Amino acid sequence: MCVGDLKVGMFIADSGLSWLEHPNLYAQEGLVTSQELVDSLVKEGYTDVFVDPARGTYVFEDDGRTPEQHMADGVLAAPERGDWSEAKIMLDRHDALRGEMNTARRLYAEAMQNVRMFLDAARDGSMPEIAACEVLVEQVIESLLRSDDALISLTKLKTFDEYTYTHSINVSVLSVSFGKSLQLPKSTLRLLGLAGLFHDLGKQRVPQHVLNKPGKLSPEEFEVIKSHPERGYALCASSGIKDAAVLRGILEHHEKCNGCGYPAKLTGEAVHLFGRIISVADVYDALTSRRVYKGGMLPNKALSIMYNMRGEDFFPGMVERFIKTVGIYPVGSLVRLSDFSHGVVVAANPSLPLLPLVKVAFDERMRPRSQVLVDLAQEKTLQGPRARKIVDCLDPRDYKLDVTPLVG
C-alpha cells in the first residue's frame, strides 16, 4: 500500500525485496507506533510498504477466512465441485508435465548460458544479440504450449548466487505463461517474452559503486537506480529492437496503477499491457527468490501479499488472473494435508485453485512412503474427515528435500 495510507497499529512486513529493485519500498519490519513515523517515511521519499493484516494492533475486516480462501474466492471460475472431466484435465496436465520436464531442464540450462553472456556483455558496453534471444523466447513458448507447468516449476528451483541471471529467465517465462493464459496470440507472446528477458537490462548500465553500495542510498543515488528502465529502453532501442510494445514493456515495468511507480508515474490504462504483465511477474519472482541476504518467500504467501496490492500497485484483475495461471499452490509446492501426510503439487487447478493435484510421498513425520496421486477436487466429494485438503505450505529446504524428482 502507499506509505501515506499507513495507520497506527499496522504491521509493516519485510518482503525481502531488494532496495536495488524497489528503492521506494520501505521494508523495515515492525509496528507503526505513531503518525510521526508515517510522516517521516513520506518525507524520506518512500512510497510503498507491505502490510501484514495478520499482525499488529490495527483491526482489519476479518471474516474468518484464510488468505488462501480470500484469493480463491477472487479467482474462481467454476463452482466448487469435482467431476470426471476436471479429473481427466488434471491428469492430462500431469502427464504433459512429465513428458516435458527433461526438455524444459535442458532449455533452462541453455537459457542460463545465453542470459549470462548477454548481461555480462551489456555490463561491458556491448549490445545483446537479439536473434539468439528471439530463438530462446520461441523455445520457451513451444515448451509452454506442450506443458503449462514444466518450465514454471523450474522457476522455483533457483540458486541465490545466480539470481541476476535466473530472474531475467523467470520473468520471461512467467510473463509468457501469463500472456498465454490471457489468450494473447503467439506473435504477441514472442514480443512479450523478449520484453521480459530484457526488462532489467538497464541495471547493467547503472554505475557499480551505486549498485554495490552497502547501506542506505542517498536521494540522488535512488534516482540513479530508478533510471534503469530508461537505460534499458535506450540500450534495446540502439540494439535494433523497434517494436514499441517491447520497448514500453521494458520502460514501464515499474509503473503502478496508482501512479506511485517510475519513471513516468503513469496511472491505470496509461501503463502498457506488457508493463502490467511484467510488473506482476517481476514482483512474484523477486518475492519468491532466495538471495544471499534472505530466504525466498513461499509462493502462496507471496501471492497473498500481491493479492492485497491489487488495484493499487497492479492493474485491477491482473493479480487474480496471474494466480489462476500459476495456482495458489504452484507446481512444486510442498504441502501438508489434513491427514498429516505430505506431498508435492504436480498440477494446478485453475477452476479450483485450493484443490490441486498432489503427489503424496511422505508420512506425518516426513518419512518417505509409497507415492500416490491425490486429486483434492475429487476428495472434496467425499464425506466427513476422509476429504483431505491442504492445511499448510512448507519450504522443502527446511527438510533438506529436493522435490524436483517428484514433480516430473
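This briefing covers the overall build of one chain and then some of its residues.

The model is predicted. The chain holds 16 helices and ten strands. Its radius of gyration is 21 Å, close to the 22 Å that the globule rule gives for 408 residues, so the chain is as compact as a globular protein of that length. Buried residues make up 54% of those 408 residues.

**Overall shape and surface**

- The C-alpha trace spans about 60 × 55 × 40 Å along its principal axes.
- Among contacts with a separation of 6 or more, 67% join residues 24 or more positions apart.
- The accessible surface of the chain is about 17,800 Å². Carbon and sulfur atoms account for 53% of that surface.
- The chain carries 47 positive and 54 negative charges.

**Cysteines**

- The count of disulfides is zero.
- For Cys 133, the closest cysteine sulfur is in Cys 236.
- Cys 133 has 0% relative accessibility, so it counts as buried.
- For Cys 257, the closest cysteine sulfur is in Cys 260. That distance is 10 Å, which is also too far for a bond.
- Cys 257 is buried too, with a relative accessible area of 16%.

- Ser 175 is part of helix α6, which covers residues 163–181. Its relative accessibility is 0%, so Ser 175 counts as buried.
- Leaving aside neighbours within four places in sequence, Ser 175 is in contact with Leu 192, Ile 277, Ile 278 and Ala 281.
- Met 306 belongs to helix α13, residues 299–307. Met 306 is likewise buried, at 0% relative accessibility.
- Not counting residues up to four places away in sequence, Met 306 touches Val 280, Val 283, Tyr 284, Leu 287, Phe 314 and Val 319.
- Glu 320 is 14 residues from Met 306 in sequence. Their C-alpha atoms are 9.4 Å apart in space.

- Gly 56 lies in strand β5, residues 51–56. At 42% relative accessibility, Gly 56 counts as partly exposed.
- Gly 56 and Phe 11 are 45 residues apart along the chain, yet their C-alpha atoms are separated by 4.7 Å.
- Phe 11 is also one of the contacts of Gly 56, along with Gly 9 and Leu 31, once neighbours within four places in sequence are left aside.
- Leu 91 sits in helix α3, which covers residues 84–123. Leu 91 is partly exposed, with a relative accessible area of 36%.
- Leu 91 touches Leu 357 and Leu 373, not counting residues up to four places away in sequence.
- Val 346 is 255 residues from Leu 91 along the chain. The C-alpha atoms of this pair are separated by 9.4 Å.

**Backbone exceptions**

- Most residues other than glycine have a negative phi, and most peptide bonds are trans. The points below are exceptions.
- The peptide bond from Tyr 262 to Pro 263 is cis, with omega near 15 degrees. Pro 263 is in the loop between α11 (244–251) and α12 (273–288).
- Gln 183 is not a glycine, but its phi is positive, at about 65 degrees. Gln 183 is placed in the loop between α6 and α7 (186–198).
- The relative accessibility of Gln 183 is 71%; exposed means over 50%, so Gln 183 counts as exposed.
- Met 366 also has a positive phi, near 65 degrees. Met 366 lies in the loop between β8 (357–362) and β9 (368–375).
- At 13% relative accessibility, Met 366 falls under the 20% limit, so it counts as buried.

Terms used:
Residues are numbered from 1 along each chain as its sequence is written. This is a predicted model: local features need pLDDT of at least 70, side-chain atom pairs count only at pLDDT 80 or more; totals for chains, interfaces and linings use all residues. Side-chain values use heavy atoms; hydrogens and water are left out. Helices (H or I, at least four residues) and strands (E, at least two) are DSSP runs, numbered from the N terminus. The radius of gyration is taken over C-alpha atoms; the globule rule is 2.2 Å times the number of residues to the power 0.38. Buried means under 20% relative accessible area, exposed over 50%, partly exposed in between (1.4 Å probe, protein chains only). Contact means heavy atoms within 4.5 Å. Accessible areas come from the Shrake-Rupley method with a 1.4 Å probe; for residues, only the protein chains shown count as cover. Lys and Arg count as positive and Asp and Glu as negative; His and the chain ends are not counted. The place of a charge is taken as NZ of Lys, CZ of Arg, CG of Asp or CD of Glu. A disulfide is a pair of cysteine sulfur atoms within 2.5 Å.
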